[in-house]
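Please keep the sequence and the structure in view while reading.

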Amino acid sequence: MEEDSKPLYVPASPQDTRIHKFLQRTNKSRSLSLATYSDLYDWSIDNTDLFWSDVWDDTDVVGLKGNHVVDTTALPPANPPWFSQAKLNWAENMLQCRAEDKVALVEAIEPQPGVDDVPSLRRISYAELYTLVSDLVSALLAHGLKPGDRVASAQEATYTLKGCYKLSNKCKGNNPLSFGVLARGRLDENVAACLAATAIGCIWVSAAADFGPEGVLERFEQVQPKIIFSVDAVVYNAKVHPHLPKLKSLLTGLSDRASLHPTVVTIHVPATGHRAALEPGWIAFENFVSLGKEKKLGRTADGEIEWARVSFDWPLWILFSSGTTGRPKPIVHRAGGMLLQSKKELVICADIQPSDVFFYYTTTGWMMWNFLVSGLSIGCTLVLYDGSPLRDPSYLWKLVDDLGITIFGTSAKYIDQLSKVYKPRESHNLSTLRHIYSTGSPLAAPLYDYVYEHIHPNVLLASITGGTDICSLFADHGDHVVITRSRGGNSGGMVMLGRSDGVLNPGGVRFGSAELYDVIDTHFAPNATHASHAIADCLAIGQSIQQGTDERVILFVKLLEGQSLTGELEKRLKTEIRTRRSARHVPAKIIQVQDIPYTLNGKRVEVPVKKIVNGAPISSINPATLRNPECLTRCGELVTVLNVIPRYLYSGGPEQLEMLYQYLDLTILRDFDVAVHVAFERWTSDTLQMPAATSG
């Protein structure tokens, strides 16, 4: 950024922000003279014990703090304990508000053509939420659950709007601006189940049900939940998608592979129509709640939940890695760390205020869902949106005006897709907006212009970054990150230039290549199918498209000798992947190759192939690290041809095609003539970003 360039956004009153007030309190209590955010940042990392102790006090954490914070002389590899004397309960901190006249949850449903009998909004007050959680606590205890047991949820993808109050005695009453959205699949029940489980010291596990049964099974069999909450169906893009068949398949897998037979609680989605018949032993959610109401377990005489105040490092919930190098790996997050980190981010850094209405687009299997639910500790209202974000691109922006949304969180992919079809500012007021957050992938520079021109000219547009491994916001230096200089004492920032791992990220939805490999290994192995459909090996990478604003999945496959990639095999591959994973996992292109590159120690070579497909010269790869480096040359040649030949097809015929073969000396392609010509037909109208190695 040039010295005299104009900032995209400058806060109107920096001195009134929560971070500035925290700085002032720190100066007073610690006898300091910090002047800027950069000063505060430096002090916080030089005095980690004092900083986090102040965060606890400043954000009103409920629980016993104790005198110990952390041993500042210990190195990070020693993993020193934090707040070793502390006792707290995460859910207790989420439910400090008990007001009868304050809305806690609002569920909004995607408008469905021809369906008029389903209410567009469904509300539950904080008092009602507390009662519901109390009854769920009782029901969980009646089923024998104890601290450390896992409670799982198999729900659908979500949109999340969230709104907060500034609290006096933890909550105030009516406020017409107190709305937010957290979406799909009856997530008010999902939120309540999460609160109830963690209230008694159980560990929460969630997986988005748009994964196929195998994807959920891979996660749940590792953590072995005692109870699974699941919707019976979901509505998306004006269609009803039954979920119980997936649930049955999941339970069969848990039984066969882990000898696990969890209790199943089903949640009916009224928008889907009649309630589906339940299997023997399954419990309807309302009956589960009634059991808890009858038993009255886990509460004091005056009706207070008997919160399990646990140690600071007690397990709170389990998230999963994307599965790049194998099955998704469970990552355990701790109660104290999650509570204190979210308090710092939402209260101090994000400056969430009483009238704020906070929207975020996420899935229940992504860390942002956990991040957002943590906003309840401030007294937030979560509005659950069930439906598609872009079937009617105006709908979410209508919610902005109807609910007074002030903080709109989404993904870079959503903003990119929206920019192609809709200009919200032309049809909506949007005057309440003050923050727009984007995450999931870097936000392309032209999309900043789109937001400021076509959504709101005076809004903080923040491209935020974080990680599943810490379940919060964080940025670190690496080969694909540029640290910008500090301006006005703001400590600078970071520009994300790309990813350095093999995680696939089409449409901003992250998943691991191993999730594709598992489907192929199971259903297309030579011993599992006939020869013409057998896949001997494969490799999946992401290819940058649309000027770097998105990527698509390219799947290279090695078939048995003498076999070719037919349209029938390609169709079956995509169908199996869509059925057993999700539509987002389906490769955009499937390309046949002679061999798959491996390292000397037997690992697939994903990142080098990805670099070549996206334009890096083959010379940038060290062949000494590979068992069969010639594969990289063949992959690069094939991708180059598939990029260039469509242009030749517009202006010439077989003669020019043969000239191109001779020019590139790609005799390998003649061995796979059918696959290549099928690809020609499908790629002629595509705009790709691939190596331009065919000049002349």
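In this predicted model, β25, β26 and β27 form, in that order, an open sheet of three strands with mixed pairing. The edges of the sheet are β25 (535–545) and β27 (589–592); each has a single partner strand, so one side of each is left without a neighbour in the sheet. From one strand to the next, the twist averages 25 degrees. The points below continue with this sheet and then turn to other parts of the chain.

- Strand β26 (residues 550–559) pairs with β27 in the parallel sense, over four bridges.

**The protein overall**

- The secondary structure comprises 21 helices and 27 strands.
- The protein has 696 residues, of which 54% count as buried.
- Among contacts between residues at least 6 apart in sequence, 73% join residues at least 24 apart.

**Strand β3 and its partners**

- Strand β3 (residues 103–109) is largely enclosed by the rest of the structure, because seven of its seven residues are buried.
- With strand β4 (residues 121–125), β3 pairs in the antiparallel sense over five bridges. The bridge partner of Ala-108 in β4 is Leu-121.
- With strand β17 (residues 381–386), β3 pairs in the parallel sense, over five bridges. Val-106 stands opposite Val-383 of β17.
- As a general point, strands of a sheet pair through backbone hydrogen bonds, in either a parallel or an antiparallel sense.

**The β1-β2-β13 sheet**

- A further open sheet of three strands has the order β1-β2-β13, and its pairing is antiparallel.
- Its edge strands are β1 (63–64) and β13 (310–311), each of which pairs on one side only.
- β1 and strand β2 (residues 87–88) run antiparallel and are joined by two bridges. Gly-63 has Leu-88 as its bridge partner in β2.

**Helix α1**

- Helix α1 (residues 18–30) has 13 residues and reaches 18 Å from its first C-alpha to its last, close to the 18 Å expected at 1.5 Å a residue.
- Its buried residues are Arg-18, Phe-22, Leu-23, Thr-26 and Asn-27.
- In an α-helix there are 3.6 residues a turn, so residues three or four places apart point the same way.
- The elements that cover the buried residues of α1 include α2 (37–46), α3 (48–58) and α10 (335–349).
- Just after α1, Ser-31 adopts a positive phi of about 55 degrees.

**Helix α12**

- In helix α12 (residues 395–403), the buried residues include Tyr-395, Leu-396, Trp-397, Leu-399, Val-400 and Leu-403.
- Gly-404 follows α12 and has a positive phi, near 70 degrees.
- Trp-397 is also part of an aromatic cluster, in which ring pairs link it with Phe-359, Phe-408 and Tyr-414.

**Aromatic pairs and a charge over a ring**

- The count of aromatic pairs comes to 14.
- Phe-229 counts as buried because its relative accessible area is 1%, under the cut-off of 20%. Phe-285 is likewise buried, with a relative accessible area of 7%.
- The charged end of Arg-219 sits over the ring of Phe-320, 6.0 Å from the ring centre.

**A buried loop residue**

- Leu-626 is found in the loop between α18 (607–613) and α19 (630–651).
- Is Leu-626 buried or exposed? Leu-626 is buried, with a relative accessible area of 6%.
- Leu-626 and Val-605 are 21 residues apart along the chain, and their C-alpha atoms are separated by 8.1 Å.

How values were computed. Residues numbered from 1 in each chain as written. Predicted model: local features only at pLDDT ≥ 70, side-chain atom pairs only at ≥ 80, totals over all residues. Heavy atoms only, no water. Expected span 1.5 Å × (residues − 1). Buried < 20%, exposed > 50% of the residue type's maximum accessible area, 1.4 Å probe, protein only. Contact = heavy atoms within 4.5 Å. Phe/Tyr/Trp six-rings, centres within 6.5 Å; stacked < 30°, edge-to-face > 60°. Lys NZ or Arg CZ within 6 Å of the ring centre and 35° of its normal. Pairing = 2+ DSSP bridges. Axes fitted to C-alpha atoms, helices over the stretch in contact; angles between N-to-C directions.
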